[in-house]
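Subject: Structure for you to look through

Hello,

Could you open the structure below and keep it beside you while you read? My notes on what was found in it follow directly after.

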Amino acid sequence: MRGPDFQQLVDRQYAPLFRFALSLSKSEAEAADLTQQTFFLWASKGHQVRDRSKAKSWLFTTLYREFLGRRRHEVRFQQIELDEAREEEMSIVPNINAFDSAMVLQALREVEDPFRAPLTLFYLEQFSYQEIADVLAIPIGTVMSRLSRGKAMLRQRFLLRERTLGNKIVPLQSERTKHG
Amino acid sequence: MDNREAKFILSAYRSAGQDASDSHFAEALEQVRRDPMLEQWFRESVAFDAGVAEKFGAVEVPSDLREKILVGAKISRPVHWSKRFGSWAIAAAIILIAGVGSLIWHTTRPARLAGWQMQALNVISSLVKNESTFDAQSQSPRDLVEWLRANKVPTAEKLPDHLNQLASVGCKTFSWNGAQVSVICFMRPDGGLIHLVATKVAGEKRKGGAQFVQQGEWTTATWSEGDKVLMLALEGSADQLRRYL
């Protein structure tokens, strides 16, 4: 890949890649390092990717594998039962407008490991369930299951924060009722 | 399909509507149209997802990350075949110098240099003998200077003109008593190497021009540049070294 092409790829993908890394890792420094390492690997191995439309997917897959590789020495993934989210967990929708970016990031980071990566990719907006399945090398059904459960966990985090904020937030339900 | 199943499937539905025509969602979307309660949940859910995505997309990225990626990748970019030949020539020169240099180095270890300078020569010796590797490699000195700056390691503000015209081999960093030190190695036209060392060591500020120290086959010239101390070193004479100042 020539210089300007590489620069364009960096310009398009470095921010979402960093945010993905930030949701996975423990610190901003580690996220920046993961992002840099991913582009370093692209610079040395990216020429093997013949279909340039796969560059984005390659970058996210590589970053995720790099992250897993580093974690492998620290702690084994806990095997969590991937049961589907319960109906009530999916029903309550918190008022997201009450939270800022830092709180959203924090809530995402609190979601358990197997659910966090698909959830983060989903919220990077460009990723379909199929692309998430490709990046994480898991079946589509598992992607949907993890998204469903992960969203339920995320909502629980927000609802908990709403309560700790002293119930100062007006829930969407009340708003809607007020306006008929 | 009941509402529970519909909610499960719609968890993967993107809030901007990119999936509206995806057949996997067709039945669940049909269920949404049929059931007002589900429709209300879906509307709230899509708004929630859009809000999370927007706020997540606003998480700040370090201002220097882009620059670090570009500089780092430029240095790490695989060399073309023609350049690879040049690299082999450099490697051969280094091995040749290592043979002679290591013998001289062990018998004429400099004694009149400061600790960080001696350590720098040790590091250079180790690189020449292939006992350690460069932190970054590039034939462009400018790339190496940029890399060192991006990694916040002291380096020359401006390379001496004659040095700037040479091809570089690579750079290495190390720490001396808590102070960061950088070494950039250059290829001389006569096939030898010349090394630029930079640091910020307290109490090392030197007044006046470059101070020359000759020790065995090594000649060094040391001078101050702002808050940094720079040392140029080669295995050769002071006259040879002056050409690069």
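Read along the sequence, chain A follows the pattern α-α-α-α-α-α-α-α-α, and its secondary structure comes to nine helices and zero strands, where helices (H or I, at least four residues) and strands (E, at least two) are DSSP runs numbered from the N terminus. Please bear in mind that this is a predicted model, in which local features need pLDDT of at least 70 and side-chain atom pairs count only at pLDDT 80 or more, while totals for chains, interfaces and linings use all residues. Residues are numbered from 1 along each chain as its sequence is written, and chains are lettered from A and ligands numbered from 1 in the order in which they are written.

In chain A, buried residues make up 40% of the 180 residues; a residue counts as buried if 20 or more other C-beta atoms lie within 10 Å of its own, as exposed if 12 or fewer do, and as partly exposed in between, with C-beta atoms placed from the backbone. Of the contacts in chain A with a separation of 6 or more, 72% are accounted for by residues 24 or more positions apart, a contact being two residues whose C-beta atoms, placed from the backbone, lie within 7 Å.

Helix 2 of chain A (residues 28-45) lets you check a length for yourself: at 1.5 Å a residue its 18 residues should span 26 Å, and its end C-alpha atoms are 25 Å apart, which agrees. The expected span here is 1.5 Å times one less than the number of residues. Among the buried residues of this helix are A:A31, A:L34, A:F39 and A:W42.

Chain B has nine helices and six strands, and buried residues make up 36% of its 245 residues. Strand 1 (residues 168-176) and strand 2 (residues 179-187) of chain B run antiparallel and are joined by eight bridges, where two strands pair if DSSP finds at least two bridges between them. B:W176 has B:A179 in strand 2 as its bridge partner, and the two strands form a hairpin with two residues between them, in whose turn B:N177 has a positive phi of about 50°.

Most residues other than glycine have a negative phi, so two further positions deserve a look. A:A137 has a positive phi of about 55° although it is not a glycine; its place is in the loop between helix 7 (129-136) and helix 8 (140-164) of chain A, and A:A137 is exposed, with 9 other C-beta atoms within 10 Å. B:K152 has a positive phi of about 60° and is not a glycine either; B:K152 is found in the loop between helix 7 (141-150) and helix 8 (161-164) of chain B, and is exposed because 9 other C-beta atoms lie within 10 Å.

By contrast, B:Q117, in helix 6 (residues 115-128) of chain B, is buried, with 24 other C-beta atoms within 10 Å. Leaving aside neighbours within four places in sequence, B:Q117 is in contact with B:T220 and B:M231. B:Q117 and B:T220 are 103 residues apart in sequence, yet 9.2 Å apart in space, C-alpha to C-alpha.

How do the two chains meet? In the model, 33 residues of chain B are in contact with 39 residues of chain A. The largest share of the side of chain B that touches chain A, nine residues, comes from helix 3 of chain B. By class, that side has 18 nonpolar, six polar and nine charged residues, where Ala, Val, Leu, Ile, Met, Phe, Trp, Tyr, Cys and Pro count as nonpolar, Asp, Glu, Lys and Arg as charged, and the others, Gly among them, as polar.

In soluble globular proteins, nonpolar side chains tend to be buried together. A nonpolar core is a set of buried Ala, Val, Leu, Ile, Met, Phe, Trp, Tyr and Cys residues joined through C-beta atoms within 7 Å. Of the 104 residues in the largest such core, A:A21, A:L63, A:L121, A:I132, B:A120 and B:V197 touch the most other members, and helix 1 (residues 3-24) of chain A gives the most to this core, with nine residues.

Finally, a word on confidence: the mean pLDDT (the predictor's confidence in each residue, from 0 to 100) of chain B is 81, and 81% of its residues reach 70 or more. Over residues 77-83 of chain B, however, the pLDDT is below 50. For the complex, the predictor gives an ipTM of 0.75 and a pTM of 0.54.

Best wishes
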